Amino acid sequence: MAEKMELHEVEVWDGNMAASHALRQAQVDVVAAYPITPSTPIVQNYSQFLADGQVDGEFVMVESEHAAMSGCVGAAAAGGRVATATSSQGFALMSEVLYQAAGMRLPIVLCVVNRALASPLNVNGDHSDMYMGRDAGWINLCSYNPQEAYDLTLMSFKIGEDLDVRLPVMMHQDGFICSHTAQSVRALDDDSAYKFVGDYIPKNPMLDFEKPVTYGSQTEEDWHFEHKARQHNDHMNSFPVIERVFKEFKELTGREYNLVEKYHMDDAEIALVALGTTVESAILTAEELRKEGIKAGVVSLRVLRPFPFIQIAEALKGVKAVATLDRSLPGGALGMLYNEITASLYHSEHRPLVTNYIYGLGGRDMTIGHLKEVFKETKANADAGKLTVPIQQFIGLRGPKLTFY
Amino acid sequence: MELRGWDEFEIGSVLFSFNEKVENIPNVQQEDRSYSENNSFQASVAHWRVEKPIFNVDHCIDCFFCWIYCPDSSILAREKEVEKKGEKIMEQSMVGIDYVHCKGCGVCSSVCPTDPKSLLMVDEHDEEERVLANWPKKEGKEK
């Protein structure tokens with residue numbers, strides 16, 4: 001039996017260490033991993049825990065990320081609690097198996113430390129990997145800081161493993177800005193954390209020899225559609241479970257999470273929508289602008305998948321103009337947040353004006369100054385009652401001003 | 001098989017080999033197992049074959065190489081009466097091919113170590129009697 005760790009009330013952890021401790025406390029049975037920057041320390045720390053006798057599970061070093069996720073699929077199908085971590089190119093190499101894991105309804109937890117996708121090669125943070133995997137059928141949770149990385153990783157197990165959900169979960173944190181920035185983290189003690197997550201309940205495990213089961217079956221045009229529809233249905237209906245887990249976590253820790261997070265939105269006239277660490281900068285910016293009398297607010301998606309279609313429109317109810325900030329550039333299209341949020345707002349009573357800003361690719365800084373500029377342009381749209389700028393713009397980009405539509 | 005709606009089957013597109021719980025299943029022969037309709041034992045791949053294996057019991061030494069290598073468990077080994085040192089005893093022996101699940105890959109013939117081989121791949125439409133009557137002779141080691 002693994003030794004328990006005595007944690008301080010406040011630990012100084014970066015986002016990677018926070019995720020490592022969440023995996024340790026959840027008593028994961030199998031971690032199959034092929035470490036990649038900037039998520040490497042998650043599995044490196046975990047292997048140290050294992051070497052020090054603080055983890056009972058298996059740690060399997062494999063030959064690629066495709067194999068890492070395949071190992072996770074095998075272990076999860078066998079009937080164990082399973083987790084791993086990856087980023088960027090590694091995430092891309094996993095992508096085939098990500099769809100397999102979701103289709104087989106295996107509640108694997110994947111700690112994704114978001115990083116740009118090549119080419120050109122880049123190790124820094126943006127959301128290209130998150131965007132690439134968003135349709136893979138996984139639940140996607142997003143964090144801003146190490147505390148949330150810890151909290152949401154623990155909750156990922158409880159959400160994905162719920163018998164009404166039974167889907168794999170990605171827990172996103174920004175590469176370096178969150179993953180390598182040490183901050184104060186209030187962790188649960190080992191017993192409380194495990195009690196919160198609960199024992200793993202196997203469902204149709206391959207190691208049940210009394211009921212032999214085949215995973216990875218082939219279905220053609222007469223069955224495939226029904227299986228995918230069932231998966232989609234259970235994914236779309238996972239909101240109540242996610243909210244219940246958020247509520248139970250709040251009762252335990254006092255820390256509150258919502259499907260859609262709102263900051264200074266009660267009387268907001270304009271709002272920015274962003275994901276990850278940028279949300280914290282945007283909140284600071286909104287607070288500064290409020291001193292100037294600008295009623296600025298910030299909205300973020302805590303849960304990117306399932307997409308909170310109703311809740312996002314509800315959160316933006318009453319604002320005159322919205323700026324959607326995408327930290328990834330979907331090739332040949334407007335940003336994902338722009339497209340999805342605009343679709344949601346199309347059905348709202350007062351359709352606000354919506355713009356799209358692409359920012360921070362490959363780790364490019366997003367400053368308070370930049371965010372002020374976005375807020376001010378958004379305010380100009382609100383005041384004019386129409387768009388005063390093109391729909392898609394690019395923040396901090398050198399060269400001639402680039403815009404679309 | 002009855003086509004069902006999206007809400008009418010197990011999640012994860014998993015397939016169960018049996019409808020009921022089973023015990024000690026490794027010690028039950030395939031033909032005696034009550035497989036569910038979803039088990040691949042219920043499906044035939046015979047029509048995939050271009051060539052089929054023919055088994056010649058006269059040369060077989062019961063080494064079970066073919067049984068181990070067959071990817072589809074289509075080499076049938078069963079208890080049968082054999083004569084050893086003048087005594088008749090029951091022993092696991094090669095009895096033939098499961099032509100419903102054999103897809104004709106030829107691995108069994110390839111790994112067969114006897115001379116001449118005890119398993120030969122022949123045209124799917126060849127008749128077993130004709131093939132057995134024209135079985136190759138011992139080649140012997142080249143000098």
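This is a predicted model: local features need pLDDT of at least 70, side-chain atom pairs count only at pLDDT 80 or more; totals for chains, interfaces and linings use all residues.
Two residues are in contact when heavy atoms of each lie within 4.5 Å.

**A helix in chain A**

Helix α8 of chain A covers residues 224–236. At 1.5 Å a residue, its 13 residues should span 18 Å, and the C-alpha atoms at its ends are 18 Å apart, which agrees. Which residues of α8(A) are buried? They are H227(A), R230(A), Q231(A), D234(A) and H235(A). These residues cover an arc of only 135° around the axis, so they lie on the same side of α8(A). An α-helix has 3.6 residues a turn, so residues three or four places apart point the same way. The buried residues of α8(A) are covered by elements of chain A that include α4 (88–103), β6 (139–142) and β13 (303–305).

**Aromatic rings**

Over all chains, the structure holds 11 aromatic pairs. Two of them are listed here.

| Pair | Centre to centre | Angle between planes | Class |
|---|---|---|---|
| F246(A) and Y257(A) | 6.0 Å | 45° | tilted |
| Y35(B) and F41(B) | 5.0 Å | 35° | tilted |

F246(A) belongs to helix α9 (residues 239–253) of chain A, while Y257(A) is in the loop between α9 and β10 (260–263) of that chain, so the pair ties together parts that are 11 residues apart in sequence. F246(A) is buried, with a relative accessible area of 3%, and Y257(A) is buried too, at 6%. Both belong to one aromatic cluster, formed by F196(A), F246(A), F249(A) and Y257(A).

F41(B), at 26% relative accessibility, counts as partly exposed.

K211(A) lies over the face of F16(B), 4.3 Å from the ring centre. Within chain A, the charged end of R302(A) sits over the ring of Y144(A), at 4.3 Å from its centre.

**Chain B as a whole**

Chain B has three helices and five strands, and from the N terminus on its elements run β-β-α-β-β-α-β-α. What is the radius of gyration of chain B? It is 19 Å, whereas a compact globule of 143 residues would have a value near 15 Å. Taken along the principal axes, the C-alpha atoms of chain B fill a box of roughly 70 × 40 × 25 Å. Of the 143 residues in chain B, 34% are buried. Among contacts in chain B with a separation of 6 or more, 55% come from residues 24 or more positions apart.

Technical notes: Residues are numbered from 1 along each chain as its sequence is written. Chains are lettered from A and ligands numbered from 1 in the order in which they are written. Side-chain values use heavy atoms; hydrogens and water are left out. Helices (H or I, at least four residues) and strands (E, at least two) are DSSP runs, numbered from the N terminus. The expected span of a helix is 1.5 Å times one less than its number of residues. Buried means under 20% relative accessible area, exposed over 50%, partly exposed in between (1.4 Å probe, protein chains only). The arc is that of the directions from the helix axis to the C-beta atoms. Rings of Phe, Tyr and Trp (its six-membered ring) pair if their centres lie within 6.5 Å; planes under 30 degrees apart count as stacked, over 60 as edge-to-face and the rest as tilted. A charge sits over a ring if NZ of Lys or CZ of Arg is within 6 Å of the ring centre and within 35 degrees of the ring normal. The radius of gyration is taken over C-alpha atoms; the globule rule is 2.2 Å times the number of residues to the power 0.38.
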